[in-house]
Amino acid sequence: MEEELQPEYGPKWSDQRVERMLGALVIFVVGLLLAMIAVVLIRAWPSFAHNGLAWFGPGGDVDDELNAISLSGQNGTEYVWTFHAWPLIWSTILITGGAVICGLVSALFVSVFIVEFAPTWMSNVLQPVVRFLASVPSVIYGLLGVLVLVPFIGNQLITEPQKASVAGVISLTGYSLLAAVLVLTVMIAPLMVSIFTDGLRAVKPGWVEGSLALGVNRWRTTWKIAVRAARPAIVAGTVLAVARAIGESVMLAMLSGSVGFAPNPADGLIFIYEPSRPLAPTIVKNVDQLSSKPANATLFAIAAVLLFSAAFCSFAGWMARRAMRKYGAA
Amino acid sequence: MAPSVATPPPERPQAAPPQGKAPTKAVEGSSTWSMLDRIGLAFCWALGLLFCAIAVAIVVYLFLQGVKFLKLDQLTTPAATGFSETETGGFSDALIGTIIVAVMGISLALPVGIAIAVWLVEYGRPAPLARVTELTIEAIAGIPSIVLALFGTVIFSSTALGFLSRSNEGVVFGRSFFAAAAMLSLVALPLVVASTRQGLESIPRHVREASYAVGKTKAATIRRILLPTARPQVATGMILGLGRIIGDTAIILVLLGATQNFAPVEGAVFPFDYLRGAGTTLTNFVYEASPTGNLNQPQKAYAAAFVLLLMVLGLNAAADLVHRRARKAGTWSH
């Protein structure tokens with residue numbers, strides 16, 4: 001109490017001053033984000049400028065192109081810029097899409113289960129389990145995938161005729177879309193569950209009770225009333241999971257097979273056994289080339305694509321959550 | 001733990017006499033539902049049990065492998081070059097590196113995160129700046145860590161920041177504990193902000209008014225009343241942030257180094273020679289020691305992953321403990 005008599009929070013810690021100091025820090029952080037966007041775009045520009053829209057298109061072998069680009073930077077010859085990222089983008093779309101669809105379905109059922117149907121002991125077990133799954137480092141998922149899941153897929157699931165049928169194009173070893181999608185699902189589903197359960201718990205009880213009073217059973221009430229009312233939370237959780245999936249680099253660098261190859265669903269179901277490499281692991285795998293100027297620009301161009309997709313997802317999630325707040329939820 | 005078959009919850013007999021045994025649950029059972037609804041419920045159980053099974057499998061499997069391959073001397077000997085797994089030493093540098101990075105990263109993220117949360121909840125003027133700040137925090141949370149890492153190479157390779165890493169004839173190396181920790185603090189920042197904010201927002205308005213009424217300034221109220229009250233949430237945010245920092249690999253790979261040993265900078269004062277040099281962490285070690293990495297020593301990768309998992313489990317337990325204590329202490333939050 002004595003210190004209140006002393007002018008401890010006198011002119012040095014006056015309210016105006018504290019507010020200005022905190023405001024300056026906030027502006028600094030906002031500025032840091034803007035600087036990051038600017039830096040990534042400036043560094044990426046040469047790669048985009050030399051390729052135009054063909055950057056996003058198919059054509060040639062991506063790995064050969066990347067090699068040529070980094071070699072040209074080291075040899076001091078004229079820089080090579082040609083880069084067509086379609087196989088990497090396609091792989092990102094397939095893996096992210098697959099994982100988000102699987103994750104959305106399982107997360108929705110699990111969060112409905114936790115909030116509504118599970119007996120107390122079960123939800124008391126499931127909640128820590130979900131939190132644990134969300135906190136396991138991605139490199140551990142990657143290690144388990146490489147040492148357990150990949151050999152299983154390579155030896156048990158893929159048959160010899162299947163390996164022979166694509167032998168001239170690509171070798172099937174177990175590093176595959178399937179492995180990547182399965183592990184990524186386990187990584188992003190807990191994230192969705194935590195946001196979905198928050199949304200489901202915030203649904204106004206009166207709405208649910210009204211439906212129950214009309215004689216609708218609990219299962220249908222949950223899906224027709226509670227899940228629909230929690231839609232903003234479901235959208236928010238899903239887009240955040242998409243952002244996480246797009247940005248996942250290390251686990252996918254270990255499991256996706258690391259080949260610049262675009263699996264084609266038109267070839268039949270075998271495409272899920274084919275290796276590929278999404279955008280983010282491409283940066284991880286080529287990080288040694290950062291000193292080569294054209295390779296540096298190319299990697300920053302990939303980073304720019306990731307940054308913008310992720311930023312778009314965060315923005316959408318933020319909008320959805322704001323909508324949620326407006327309805328009194330969350 | 002959980003029953004092995006995915007059965008729906010115990011069903012109530014349909015025509016139970018009302019004066020018989022009292023109904024165990026206040027809600028209806030699933031016995032009156034249509035087949036499709038019951039299948040859906042069974043699916044819920046199956047998925048719930050699957051989640052538990054995956055978690056148990058990860059813990060048990062890594063535990064078994066860890067017990068098999070982890071030798072205590074691995075925790076005390078640094079990595080060495082050699083041909084077989086017996087010659088290549090342990091991963092003490094990685095273990096220490098993880099701790100260094102965690103301490104440095106969180107000690108940067110915590111004050112900044114608390115300050116941002118305080119500003120958002122207690123000041124938040126002008127309103128547009130508050131919206132922009134919220135969005136910025138969301139964006140930082142969503143940015144892939146590999147992009148943060150590339151951004152870090154640009155910042156820390158600049159000559160002005162050469163004193164934070166190794167530099168050679170004007171070329172700045174840009175890989176150091178400082179660089180990695182600075183970028184990792186951005187990874188932890190959104191968690192600290194979100195958690196602290198939640199804590200501050202759950203404090204009722206009358207608490208602040210009571211404090212102003214006895215003549216405290218706003219700054220004193222924040223420092224003496226609000227932040228101590230929100231301490232459990234701040235701690236939770238810190239623990240979550242720590243978990244994210246020790247689990248991150250991409251930033252370490254790009255900004256800390258490709259070595260498995262400390263590489264202190266010669267001629268610098270003691271802690272700074274190590275902090276300015278390259279190094280490694282457990283995540284980096286696991287990545288490099290996995291069959292897809294450069295070392296390919298799966299046994300040691302299992303051992304290191306086991307140590308890492310123990311740290312994560314410890315942090316989870318700590319978060320639970322903080323949560324439960326706060327609840328018991330009966331703060332306004334829950």
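In this predicted model, Thr249(B) touches residues of both chains. Its partners in chain A are Ser138(A), Val139(A) and Val250(A). Those in chain B are Thr283(B), Asn284(B) and Tyr287(B), with residues up to four places away in sequence not counted. Thr249(B) sits in the loop between α8 (231-247) and α9 (250-255) of chain B. Thr281(B) is 32 residues away from Thr249(B) along the chain, yet their C-alpha atoms are separated by 8.5 Å.

Helix α2 (residues 92-123) of chain B packs against helix α11 (residues 282-289) of chain B at an angle of about 140°. Their axes are 7 Å apart. The two helices are therefore oblique to each other, since roughly antiparallel would require an angle over 145 degrees. On the α2(B) side, the contact is made by Ala94(B), Leu95(B) and Thr98(B). Helix α11(B) supplies Leu282(B), Asn284(B) and Phe285(B). By class, 4 of these residues are nonpolar and 2 are polar, with no charged residues.

A second pair lies in chain A. Helix α4 (residues 86-117) of chain A and α8(A) pack with their axes 6 Å apart, at an angle of about 40°. That angle makes α4(A) oblique to α8(A), because roughly parallel applies under 35 degrees. The crossing of α4(A) and α8(A) is right-handed. Their contact comprises 22 nonpolar, 6 polar and 1 charged residues.

The largest nonpolar core holds 204 residues. Ala303(A), Ala180(B), Val286(B), Ala304(B) and Ala305(B) touch the most other members. Helix α8 (residues 177-201) of chain A gives the most to this core, with 17 residues. In soluble globular proteins, nonpolar side chains tend to be buried together. Ala303(A) has contacts in both chains. Val40(A), Ala44(A) and Ile283(A) are its partners in chain A, and Val147(B) and Leu150(B) those in chain B, not counting residues up to four places away in sequence.

Between the chains, the contact takes 72 residues from chain A and 66 residues from chain B. On the side of chain A that touches chain B, helix α2 (residues 15-51) of chain A provides the largest share, 14 residues. That side of chain A divides into 56 nonpolar, 10 polar and 6 charged residues.

Methods
Residues numbered from 1 in each chain as written. Chains lettered and ligands numbered in written order. Predicted model: local features only at pLDDT ≥ 70, side-chain atom pairs only at ≥ 80, totals over all residues. Contact = placed C-beta atoms within 7 Å. Helix = DSSP H or I, 4+ residues; strand = E, 2+ residues; numbered from the N terminus. Nonpolar A, V, L, I, M, F, W, Y, C, P; charged D, E, K, R; others polar. Axes fitted to C-alpha atoms, helices over the stretch in contact; angles between N-to-C directions. Parallel < 35°, antiparallel > 145°, perpendicular 65-115°, else oblique. Core = buried A, V, L, I, M, F, W, Y, C linked by C-beta atoms within 7 Å. Buried ≥ 20, exposed ≤ 12 C-beta atoms within 10 Å, placed from the backbone. Left-handed = near helix turned anticlockwise from the far one by under 90°.
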